[in-house]
Amino acid sequence: MMRSAFAFLAGATALAIGVFVATGVGTASASMSYECWTYKGGDPFKMTHVTANSNQEAVSLAIVKFESLGIKGLPVKCK
């Protein structure tokens, strides 16, 4: 019984390491936190925070996040 539990644990650990390596988790990156606003009629309407490697990526992530909240077709700016 102990041997099979150890084999399972070793397999699960190897799988987790494989996932981290495949997705780049654990590697150095320049991710930053961005504050993103959507605008309605030229005025700030809603705000969210995203973590991204560039402003362009932050805008893309914010658009997806706003769309999931039902906010679509409005301009987005991130700082």
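The largest nonpolar core is made up of 11 residues, namely Tyr-34, Cys-36, Val-50, Ala-52, Ala-58, Val-59, Ala-62, Phe-66, Ile-71, Val-76 and Cys-78; such a core is a set of buried Ala, Val, Leu, Ile, Met, Phe, Trp, Tyr and Cys residues joined through side-chain atoms within 4.5 Å. At least two residues of this core come from each of β1 (32–40), β2 (43–52), α2 (55–68) and β3 (76–78), and α2 gives the most, with four residues. Helices (H or I, at least four residues) and strands (E, at least two) are DSSP runs, numbered from the N terminus.

This is a predicted model, in which local features need pLDDT of at least 70 and side-chain atom pairs count only at pLDDT 80 or more, while totals for chains, interfaces and linings use all residues. Residues are numbered from 1 along each chain as its sequence is written, and side-chain values use heavy atoms, with hydrogens and water left out.

Turning to the strands, β1 and β2 pair in the antiparallel sense over nine bridges, where pairing requires that DSSP finds at least two bridges between two strands. Within this pair, Glu-35 has His-49 of β2 as its bridge partner, and in the hairpin, which has two residues between the strands, Gly-41 takes a positive phi near 65 degrees. β1 also runs antiparallel to β3, to which three bridges join it, and Cys-36 stands opposite Cys-78 in β3.

Thr-38 lies in strand β1 and is buried, with a relative accessible area of 1% (buried means under 20% relative accessible area, exposed over 50%, partly exposed in between, with a 1.4 Å probe and protein chains only). Leaving aside neighbours within four places in sequence, Thr-38 is in contact (heavy atoms within 4.5 Å) with residues including Phe-45, Phe-66, Ile-71 and Val-76. The C-alpha atoms of Thr-38 and Lys-72 are separated by 9.5 Å, although these residues are 34 residues apart along the chain.

Lys-77 lies over the face of Tyr-39 at 5.5 Å from the ring centre, and Lys-46 over that of Phe-45 at 5.4 Å.

As for confidence, the protein chain has a mean pLDDT (the predictor's confidence in each residue, from 0 to 100) of 79, and 63% of its residues reach 70 or more.

How values were computed:
Lys NZ or Arg CZ within 6 Å of the ring centre and 35° of its normal.
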